[in-house]
Amino acid sequence: MYDKKKKKLPIGIEFFASMIEENYYYVDKTLFIRDILDKGSKFTLCTRPRRFGKTLNQTMLKCFFEDTAPLSGKDTRALFNGLKIETAGEEYMEHQGKYPVIFLIFKDANKRTFESSYYVLKEKITEEFKRHRYVLKKIEDKDDKALFEKLASRAASKDEYSSSLGFLCKCLEAYHGKKAIILMDEYDVPLENAWRRGFYNDMVDFIRSLMSSALKSNEHLQLAVMTGCLRISKESIFTGLNNLDVISILEDRYDEYFGFTQNEVDVMLKHYNLENKRDSVKDWYDGYLFGRKEVYNPWSVINCLSRFVENPQRDPKPYWANTSSNDIVKRLLEKSNADVRKDLEKLISGGIISKRIHEDVTYDEINKKIDNFWNFLFFTGYLKKVGIERQDEDGKLILDLAIPNREVRYIYITKIQDWFDEKIEVKDFSLFFDALLNGNAQIVQDELNNLLGDCISYFDGKEDFYHGLIVGILNKLQYYTVKSNRETGLGRCDIVLKQATRRNKAVIMELKWAKKEKYLQKGCDAALKQIEDNKYADELLSENYTEIIKYGIAFCGKYCEVKKGS
């Protein structure tokens, strides 16, 4: 049960005002405001993985900068009482509540068609025109007034919406006497969705025009801050914008403002009397490296602590893994070759791979080269940088990469299992079944080795993986029933395959795991001996099965040997 003296944990709370006003636990990131003002960049793009506090930071900027007098009239300065930005100095607080703000979140523009996605974008823009309708009082030009009304009533054309943000900035400056600030969150969601759905070019055309209107040659703009998961190349949507300041996870600037630092997690654990959970939280959710700062996944930490508060005996779970389809991992597997599978095996076992990384990328290039997948996995949080950056002979950036933590490893393992299950589902096993039921151990062995060659080892060769693999295959065989780990004779047999319609033929399979390939033959012999010593065939004989085939199978990594018993 929650202690009423403790602050509420902000599960799913993305808006800064709600965080402060409703007494949620807030990890103070307000010095992000100071650094933006100090840097003085006209256009800033911060790219971070999903669920790392991008929307919360953008709503914080909105609450700080926006002049709310003609809107709600509510003074938002009190939201920052006692926070770090207030104590940073009045030279920063004098900017509080002084600017008109255009605020857009594009995360919902992930529909099945371009028309549906464009409709969402149009609605977001329309909402901002409605929110700032008060400026009509000072618009004297009839054409401008008519255009504003069209944009606020969904009646404008696509071209008019694509150039609308520059126009809104002009109207806002005319009313406030201050240039406007544009805050754009999840700017790349429409592009990523369009790439997956097959209408990428149409979406690029619209977003490019929208960005040009908002950012390029906009004399009515004070500054713009955009956030998203991936940096999109300037040639794609930022054509002609030469002063875009991109802050990716490779940059030191703003490195601690997205995600929780170790100290912030320690303070939070202490607040909820959960200091004894430090190691498990670290193992599951730490490990991301942004610039030079190691950070935790904030979404997962908050969700995990909420479970611990309710019941400290619960185990951590993969919360971030369930916030999207993790489609990029699946796409990598679908295009994987032997080298990719080797890299994945190395990563999952805790190893490190080296890859060429480039920050400028377009979504439509991801499928063109395997290297582009590694780029995408790195910048979206599925891999982390370890060690130092270096360059190859062509001056390209080379990074050593690893899986950040146990939660992300879970994503890889789950997706690999799903991918492999799909391969098994469509594979023709008729040759394997025929050999198995006719006592041809060599063909059974060859077919299993071919299948294992396509597999990505992630269970370190543990026997239960091979057991599950064999059972999964045998369940596809018609007119036979599969019994697994069932007591029979004097022990518990690994697998028994019985003819269901007629009691003629049955198969007994005992599996062993060998630490080295040279021990495979011994493993087969030990398996067959166990079948005989424990009298696994006795029950089948009592059921009048007339043909009983016995196999000893030993596995080591991606290799196996199969031996037929007498």
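Lys-529 counts as exposed at 52% relative accessibility, where exposed means over 50% relative accessible area, buried means under 20% and partly exposed lies in between, with a 1.4 Å probe and protein chains only. The model is predicted, so local features need pLDDT of at least 70 and side-chain atom pairs count only at pLDDT 80 or more, whereas totals for chains, interfaces and linings use all residues. Residues are numbered from 1 along each chain as its sequence is written, and side-chain values use heavy atoms, with hydrogens and water left out.

**Salt bridges**

- The structure holds 35 salt bridges, a salt bridge being a side-chain nitrogen of Lys or Arg within 4 Å of a carboxyl oxygen of Asp or Glu.
- Side chains of opposite charge can pair when their charged atoms come close.
- Lys-529 meets Asp-533 in a salt bridge with an N to O distance of 2.6 Å; both residues lie in helix H23, four residues apart, which is about one turn of the helix, and Asp-533 counts as partly exposed at 42% relative accessibility.
- Helices (H or I, at least four residues) and strands (E, at least two) are DSSP runs, numbered from the N terminus.
- Lys-505 forms a salt bridge with Glu-547, the closest N and O atoms being 3.9 Å apart, and this pair links distant parts of the chain, with Lys-505 in strand S13 and Glu-547 in strand S14, 42 residues apart.
- Lys-505 is buried, with a relative accessible area of 14%, whereas Glu-547 counts as partly exposed at 37% relative accessibility.
- Glu-294 forms a salt bridge with Lys-282, with 3.9 Å between the closest N and O atoms; the pair links distant parts of the chain, as Glu-294 lies in strand S7 (residues 293-295) and Lys-282 in helix H14 (residues 278-285), twelve residues apart.
- Glu-294 counts as partly exposed at 39% relative accessibility, and Lys-282 counts as partly exposed at 31%.
- A network of salt bridges links Lys-62, Glu-66, Glu-128 and Arg-131.

**Sheet and the helices across it**

- Five strands form an open sheet with mixed pairing, in the order S11-S12-S13-S14-S15, where two strands pair if DSSP finds at least two bridges between them.
- The edge strands, each of which pairs on one side only, are S11 (480-488) and S15 (559-564).
- Neighbouring strands of this sheet are turned by 25 degrees against each other on average, direction ignored; axes are lines fitted to C-alpha atoms, for helices over the stretch in contact, and angles run from 0 to 180 degrees between N-to-C directions.
- Strand S14 (residues 547-556) pairs with S15 in the antiparallel sense over six bridges, and the bridge partner of Gly-552 in S15 is Lys-563.
- Helix H23 (residues 520-533) lies across strand S13 (505-513), S14 and S15, running at about 145 degrees to S14, with contact meaning heavy atoms within 4.5 Å.
- Helix H21 (residues 441-454) lies across S14 and S15 and runs at about 165 degrees to S15.

**Nonpolar cores**

- The largest nonpolar core has 127 residues, and those with the most contacts inside it are Leu-215, Phe-238, Tyr-412, Leu-474 and Tyr-551; a nonpolar core is a set of buried Ala, Val, Leu, Ile, Met, Phe, Trp, Tyr and Cys residues joined through side-chain atoms within 4.5 Å.
- Helix H11 (residues 200-215) contributes the largest share of this core, nine residues.
- A second, separate core of 33 residues includes Tyr-26, Leu-79, Tyr-99 and Val-225.
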